Amino acid sequence: MADIHPVPERVRAGSPSPIPDMDRYREIYAAAQNDPEGFWLEVTRQRIAWDKPPTMGLTGSYHEIAQGPITWFADGELNATVSCLDRHLATRGDKVAILWEGDEPGDNRRLTYRELHAEVCRLAAGLDALGVQKGDRVIIYMGMVPEAAVAMLACARLGAIHSVVFGGFSAESVRDRVRDSLAEWVITQDEGLRGGRKIPLKAVVDQALDGEHGVKKVIVHQRTHVDVPMKEGRDVFYQDVVAGRDAAHPPTIVPAEHPLYILYTSGSTGKPKGVVHTTGGYITYVAYSHQVVFDLREDDVFACVADVGWVTGHSYIVYGPLANGATTVMFESVPTYPDPGRYWDMVQRLRPTIFYGAPTALRALAAQGDTYVKKYDRSSLRVLGTVGEPINPDAWRWYYDVVGEGRCNIVDTWWQTETGGICISPLAPVTATKPGSATLPLPGIVPVLMSPDGHIQRGPAEGLLCLAVPWPGQARTVWGDHERFVSTYFQHFKGYYFTGDGSRRDKDGYYWITGRVDDVINVAGHRMGTAEFESALVSVDEVAEAACVGFPHPIKGQGVYAYVVLQPGVEPGEPIEKLMNGACRTLIGAHAKVDLFQFVPGLPKTRSGKVMRRILRKVAEGDPSNLGDVTTLADPGVVDVIVKGAKSL
Ligand code: WTA
């Protein structure tokens with residue numbers, strides 16, 4: 001196992017990071033472990049613009065989480081946009097804050113910190129005039145346009161709580177989120193543009209709000225200027241909301257624990273939950289992790305090609321980079337438009353120094369060969385990051401050797417919507433890497449591997465990944481349902497945050513994330529719940545029962561495998577598969593699709609009626625040799641039928 005890549009000299013040299021080498025990492029890690037409160041108070045005082053600096057560190061604990069959320073910096077007061085905008089004006093006013101690349105190559109916009117500040121203030125003033133108040137929920141359903149970031153920041157400016165919904169989600173999903181958050185405001189755009197295709201965002205919002213009476217205003221940014229129906233009294237154009245507004249609007253100062261945003265994410269059961277991030281701890285953690293992981297330097301151009309609809313976009317397109325006064329790229333298009341060279345064409349033109357993307361995209365691009373990469377100059381790149389799913393060693397090596405020409409360090413960053421920011425990752429100038437390993441925890445993060453019965457595994461081991469101590473960036477609760485927060489994350493192992501992931505730890509203490517151990521499927525880095533798929537499938541009249549599991553997919557990481565029991569007399573086949581995938585699209589979104597259907601006479605259930613997913617998973621993974629004990633099944637015969645009829649790509 002000599003596949004260790006030392007940090008390339010070019011990455012190590014001249015690092016301004018507070019953690020520039022391994023000795024310092026060990027020191028700081030130990031310091032943070034010995035005195036987490038002192039450590040984080042120091043970090044936040046140095047990095048964040050507080051109106052009233054905090055004197056308190058942590059309150060509460062994982063043991064007492066059922067009694068209420070933990071808090072960080074609870075006596076501090078601030079507004080996150082002051083850290084992201086105002087305080088940069090004196091020194092970085094003319095520096096580019098957002099560098100936008102539109103759907104068509106070379107369609108660029110650059111907003112300096114001064115311009116972004118003014119634009120955020122104008123929208124905040126406009127929203128204020130419409131009646132948006134501190135604590136109100138605002139749904140943002142937009143594509144990747146600078147106005148989406150402006151909308152997030154304008155909400156934060158007012159102390160309103162944004163909830164960004166990824167622009168691929170369906171009207172049903174938007175409606176669920178409006179209802180769950182009791183949002184009174186929606187910000188959207190006429191159409192989105194992605195890979196040359198138009199996405200009817202406003203039309204989806206109209207459909208979502210049909211018959212809903214709680215939403216007071218829908219603000220519509222015009223991206224394509226197509227005619228969209230505007231509902232009298234409810235809909236207003238973004239341009240009209242900001243017109244004539246002042247370029248300075250005072251920030252609403254909020255307590256540290258005031259919610260900054262809600263982001264809905266899929267779990268193993270039921271509907272997506274609204275993960276709540278609060279202000280002071282979150283902004284501290286994203287600023288800190290962004291700097292130490294990527295080794296941010298003043299003249300860096302940081303290109304995270306995620307979407308603001310996911311947590312990666314929140315933390316590392318908007319809040320982290322802006323809090324650090326960096327130039328952050330927003331990318332509206334897709335990696336294959338107009339051809340698979342798009343990323344590298346963009347790299348040649350915009351000259352980012354740091355590139356942060358998803359393994360799925362890398363696998364898809366690697367499959368197209370190297371010429372699309374080599375055609376373009378990538379000499380600006382210094383750090384290459386991945387996020388969202390495990391990266392297989394082949395894709396890792398392709399990224400390292402072909403894209404980075406061996407000159408860049410790769411940071412495989414493990415984290416989750418719930419963790420707020422990166423938790424396990426190489427630090428670019430510090431950590432020698434191993435392809436496929438997320439390596440070591442950040443200071444303040446204490447991973448433990450549990451056996452299923454709750455014993456902590458020491459040394460090299462495999463187990464269920466838990467985090468043992470609180471850190472400022474972690475989610476505080478589930479919107480409107482703290483009990484669900486507790487039962488989802490803190491019930492499995494008392495006193496520990498359970499991530500839902502499995503992991504291995506090697507002799508060097510490096511972590512190798514093996515993937516979800518619950519019923520979350522991670523398709524192309526998009527997190528989806530089997531329960532959501534199953535309820536979409538059974539919404540089709542012809543379907544009696546359905547069970548979904550993930551299976552290994554060569555490009556997407558995981559694909560969705562559905563076992564379907566049809567109503568009597570219904571013919572299996574493509575027409576019904578189309579109907580089912582149509583239902584997934586309508587009820588979840590454009591990114592939700594079953595890859596393999598298997599029609600079965602029945603599902604393997606225990607005598608108490610519980611579907612034995614373990615068996616379904618094994619069969620879908622193409623490994624039915626070791627199904628374990630099936631004697632508790634109500635009808636063991638069904639297993640043979642399922643094994644014989646198994647599908648593969
Ligand atoms: C997976 C995305 C392996 C993991 C930031 C986690 C990863 C889930 C990695 C969270 C990684 C994320 N290696 N697996 N580097 N990063 N994951 O909430 O299963 O969309 O639990 O947050 O993605 O997905 P989420």
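1. Two strands are taken to pair if DSSP finds at least two bridges between them. On that basis, in this predicted model, strands E1 and E4 (residues 77–78) are joined by 2 bridges and run antiparallel. Glu77 in E4 is the bridge partner of Lys52.

2. E1 and E4 belong to an open sheet of 3 strands, ordered E1-E4-E14, in which the pairing is antiparallel. Its edges are formed by strand E1 (50–52) and strand E14 (254–255), each of which pairs on one side only. Most residues other than glycine have a negative phi.

3. A second open sheet contains 7 strands in the order E6-E5-E18-E17-E19-E20-E21, and its pairing is mixed. Strand E6 (108–112) and E21 are the edge strands; each has a single partner strand, so one side of each is left without a neighbour in the sheet. On average, neighbouring strands of this sheet are turned by 20° against each other, direction ignored.

4. Within the sheet of 7 strands, both directions of pairing can be illustrated. Strand E17 (residues 301–304) and strand E19 (residues 354–357) run parallel and are joined by 3 bridges; Tyr356 in E19 is the bridge partner of Cys304. E5 and E6, by contrast, run antiparallel and are joined by 5 bridges, with Leu99 standing opposite Arg110 in E6.

5. The hairpin of E5 and E6 has 6 residues between the strands, and Gly106 there takes a positive phi near 85°. Helix H6 (residues 113–130) lies across strand E5 (96–101) and E6, and runs at about 85° to E6.

6. Which peptide bond is cis, with omega near -5°? The bond in question runs from Tyr337 to Pro338. Pro338 is placed in the loop between strand E18 (327–331) and helix H13 (342–350). As background, most peptide bonds are trans.

7. The ligand has 17 residues around it, of which Asp412, Thr413, Thr417, Asp501 and Arg527 come nearest. By class, the residues of this shell divide into 6 nonpolar, 6 polar and 5 charged. Helix H12 (311–323), strand E21 (409–413) and strand E27 (511–516) each supply at least two residues of the shell.

8. What distances separate the ligand from N or O atoms of the protein? For a nitrogen atom of the ligand, the distance to an N or O atom in the side chain of Asp412 is 2.7 Å. An oxygen atom of the ligand lies 2.8 Å from an N or O atom in the side chain of Arg516. The backbone also takes part: an N or O atom of the Gly388 backbone is 3.1 Å from an oxygen atom of the ligand. Taken alone, the ligand exposes 530 Å², and the protein buries 96% of that area.

Conventions: Residues numbered from 1 in each chain as written. Predicted model: local features only at pLDDT ≥ 70, side-chain atom pairs only at ≥ 80, totals over all residues. Heavy atoms only, no water. Near = heavy atom within 4 Å. Polar contact = N/O pair within 3.5 Å; in protein donor to acceptor, adjacent residues only side chain to side chain. Areas by Shrake-Rupley, 256 points an atom, 1.4 Å probe, with all protein chains shown as cover. Helix = DSSP H or I, 4+ residues; strand = E, 2+ residues; numbered from the N terminus. Nonpolar A, V, L, I, M, F, W, Y, C, P; charged D, E, K, R; others polar. Axes fitted to C-alpha atoms, helices over the stretch in contact; angles between N-to-C directions. Contact = heavy atoms within 4.5 Å.
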